[in-house]
Structures are given as C-alpha cells and as structure tokens.
Amino acid sequence: IRDKQQQQERQPKKKMSILLTGGTGKTSLRIARLLSSANVPYVLASRSGTAPSAFPDARACRFDWNDSSTWANPFAVSADIKAVWLVAPGLLEPMKAVRSFVALARGKGCGRFVLLSASGFECGGPNLGEVHGYLKEVGDKEKVEW
C-alpha cells in the first residue's frame, strides 16, 4: 500500500479549472481571489462576459441563465473544468435551467457542483431548496460530488 501511495504522490497532478458562475458577484470574486493566490485556474462566467479590472489575468466568458446558448461558453474557454461554483439563477423556478446546465456540464466532464444557497431554503423545498434536493439526489447516486 505504501509503494502505491508514494507512486501516486510522484505522479503529476491533473490539471483542472473551476467555473465560477455569477462571476462578477461578491462570493464568486472572493473565491476567485483565493483560487488565484493558490494558483488554481478558474473561469469567471457572467452576463457581461468580462472580468473586473482587479482580475486582469482571469479567463472570463458570457453566461446567462436566461440564454441556454451561453451555457457551453465556459467549456470553450477551458476544456478542463471539473468543478462548478453554482450561483443558481434568479428565476422563479430555477430547477429546469439548473438541471439542463448540470447535464451539459456533466457531459463535458465536470463532476463536482457547489451550490451557493441560503439557510432559509430547506432541501427539497421550493426554489433553491429544489435545486439543493436535485444535487443531493444525483450526489447520492454517485453521479456527481456536491
């Protein structure tokens, strides 16, 4: 077991990027700063498609929950996205959009989703609670990490 462990430690780490939806929002930018200081590649996805001037080296793309034609844009910017910081859409019923985007991202090789949520939304309840319940369901089936 020890030899196998040492062999794994010597292997180069797999390159991966993290997609930050809501890319110009408060939480996404805070995470971007942390990722940048840790030299972890990331993509800022926002409706504007541009990174704030404080992030001159950031990769950015247009992403709009109301326009599904933009959902593949992050994967064109970086083919190695393996995790998504998911700021759910501000839609009355976000579940349809989230389910479709998660399916697209999984098809591109992404296997981890972290949902920005609020404690007021119970898992499986309405709105973001439904999104939380969905991610828990696919996570429990070991189809994604959440």
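This is a predicted model: local features need pLDDT of at least 70, side-chain atom pairs count only at pLDDT 80 or more; totals for chains, interfaces and linings use all residues.

Numbering starts from 1 along each chain as its sequence is written, and side-chain values use heavy atoms, with hydrogens and water left out.

Some terms. Contact means heavy atoms within 4.5 Å. Helices (H or I, at least four residues) and strands (E, at least two) are DSSP runs, numbered from the N terminus. Buried is under 20% relative accessible area, exposed over 50%, partly exposed in between, with a 1.4 Å probe and protein chains only.

Now, which residues of helix 4 are buried? They are M95, A97, V98, F101, V102 and A105. They sit on the same side of helix 4, because they cover an arc of only 155° around the axis. That arc is taken from the directions from the helix axis to the C-beta atoms. The face turned away from the buried side carries exposed K96 and G107. After helix 4 comes G109, with a positive phi near 100°.

Step back to the whole protein. It has five helices and five strands. From the N terminus, the order is α-β-α-β-β-α-β-α-β-α. Of its 146 residues, 37% count as buried. Among contacts between residues at least 6 apart in sequence, 50% join residues at least 24 apart.
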